[in-house]
Amino acid sequence: MAYEVLLPKLGQTVEESRIVEWLKAEGDPVERGDVLFTVETDKAVLDVEAPRKGFLRKIFAPAGEMLPVLSLVGLITRTADEPIEAEAAGTAASGAAASEAPKAAPSVPTVAEPSTTSAPGRVFSSPRARKAAADRGIDVASVNGTGPGGRVVERDVLEHAAAAPKVTPVARHIAEGLGVDLSGVSGTGPRGRVTKADVQAVATGVATTGALPEAVEAAAPVPTPTATIAEVAVSDVVPLSGIRAIIAQRMHESHAITAPVTEMMEVDATALVALRERLKVSLAKELGFNLGYNDLLIKVAAKALRQFPSVNARLDGDVIRHLDVVHIGLAVDTDRGLLVPHVSDADKKGLVEIARDVRAMAERARTGRSLPDELVGGTFTITNLGMYDVDGFTPIINYPEAAILGVGRIKPKPVVVEGEIVIRQMVWLSLTFDHRLVDGAPAARFLQAIKQMVEEPYLLIA
């Protein structure tokens with residue numbers, strides 16, 4: 001009896017992954033818990049272990065292929081000579097079968113999903129097919145079923161999704177807001193991708209053929225061509241792919257969807273600097289490393305978010321949801337790009353626990369070993385560029401969060417205190433927030449609360 005090895009779903013939002021390396025070859029004996037292969041998502045590189053003892057008899061997906069999650073990638077048998085059906089290799093390697101067992105493999109038993117009873121006129125579909133359709137925003141009634149009795153199975157949904165026109169996130173968001181059926185929109189973007197302009201053209205009754213109406217075309221200014229990329233010497237070409245492509249997509253999505261406003265305050269961090277120096281000494285033995293400013297700022301932000309729930313929120317359709325958890329993300333610079341792992345339940349943790357969490361998750365992010373759900377589900381983000389001598393900047397919201405706090409460097413400078421010029425440790429804080437969810441005054445009060453706790457950190461225990 002063969003056991004199917006599936007590409008795991010590594011996180012709630014991960015839809016596809018790439019096998020980086022197989023650590024076992026076909027025919028190798030494996031023990032339960034042995035690492036079979038490493039897999040890369042858009043967020044991290046993780047090990048996938050053997051689910052049981054036996055022999056790795058067949059590898060369907062070689063290293064380097066990007067596959068949908070739950071694709072069949074290998075077979076494990078109890079014995080080294082147990083017969084298996086090799087015809088399934090083509091189906092599994094393409095990823096089209098996802099987690100559906102190969103139909104041409106009679107010697108590989110599969111467990112049939114229970115049939116779905118349905119009222120007349122309703123579509124028969126498997127639970128996994130319905131989930132796959134829901135995850136991809138597909139009406140299961142529009143999918144042609146190939147299962148028993150015309151039942152829609154997961155494979156049908158995946159094939160339907162692969163054949164459907166690709167839509168940019170911004171175009172999909174605008175289509176939902178304008179009530180445009182994307183199935184009737186012709187894409188003019190690269191490889192037929194439906195863009196924002198295509199959706200807007202349909203909404204206003206302009207055909208998406210790429211041709212402008214005569215009046216518009218005549219009025220449109222013709223830019224004077226300057227040097228194009230092809231005419232300029234290029235030292236290197238870097239594909240916009242992998243995590244870089246994900247970052248580009250999400251930053252553009254955030255800028256296009258949110259209504260960002262940035263408020264800045266210069267804050268006296270003298271007391272915070274002094275507190276950190278004392279805690280570095282007091283907690284050095286317990287932690288084994290020096291407490292950092294980010295650890296303290298996470299604690300400060302967590303307390304402020306509890307005081308101002310309107311900032312700890314997100315927009316869901318036509319309602320604003322104030323969140324019951326405080327998961328604070330910290331922007332981490334890695335060789336693969338910017339990642340934002342978060343400290344979960346930061347408002348319920350002490351400084352020692354926060355500091356340990358920050359060190360562990362930052363190390364996992366830099367080595368590509370972030371936990372699957374560590375990079376999703378954050379409710380607020382802190383990004384600190386002080387170590388790079390940056391004084392102030394306007395951070396981009398980590399959508400779908402409502403706000404992000406930018407932190408500049410702490411540096412001594414002369415300031416006026418009670419009529420006298422003194423040297424104080426000053427820092428610029430920048431709060432970028434989504435004006436759709438939060439108005440300027442409440443955002444300013446939130447930033448004031450952070451300022452007060454930075455200037456008077458004893459308030460953290462109040």
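## Exercises on helix packing and cores

H9 passes H10 in a right-handed crossing. Keep that pair in view as you work through this predicted model.

**Exercise 1.** Work out how the axes of H9 and helix H10 are oriented to each other.

*Solution.* Start by locating the helices: H9 covers residues 293–307, and H10 covers residues 351–366. Next, take the geometry: their axes come within 9 Å and cross at roughly 120°.

**Exercise 2.** Find which residues of H9 and H10 meet, and sort the contact by class.

*Solution.* From H9, take Asp-295, Leu-296, Ile-298 and Lys-299. Sorting by class gives six nonpolar, three charged and no polar residues.

**Exercise 3.** Describe the largest nonpolar core and trace the contacts of Phe-380.

*Solution.* First, the size: this core has 51 residues. Ile-328, Phe-380, Ile-382 and Phe-446 have the most contacts inside it. Helix H9 supplies the largest share, eight residues. Then set aside the neighbours of Phe-380 within four places in sequence; its remaining contacts include Ala-301 and Leu-305, Ile-328, and Phe-446. Finally, look apart from this core for another, of 18 residues, including Leu-36, Phe-37, Val-48 and Leu-67.

**Exercise 4.** What percentage of the 462 residues of the protein count as buried?

*Solution.* Counting over the protein, 41% are buried.

How values were computed. Residues numbered from 1 in each chain as written. Predicted model: local features only at pLDDT ≥ 70, side-chain atom pairs only at ≥ 80, totals over all residues. Heavy atoms only, no water. Core = buried A, V, L, I, M, F, W, Y, C linked by side-chain atoms within 4.5 Å. Buried < 20%, exposed > 50% of the residue type's maximum accessible area, 1.4 Å probe, protein only. Helix = DSSP H or I, 4+ residues; strand = E, 2+ residues; numbered from the N terminus. Contact = heavy atoms within 4.5 Å. Axes fitted to C-alpha atoms, helices over the stretch in contact; angles between N-to-C directions. Left-handed = near helix turned anticlockwise from the far one by under 90°. Nonpolar A, V, L, I, M, F, W, Y, C, P; charged D, E, K, R; others polar.
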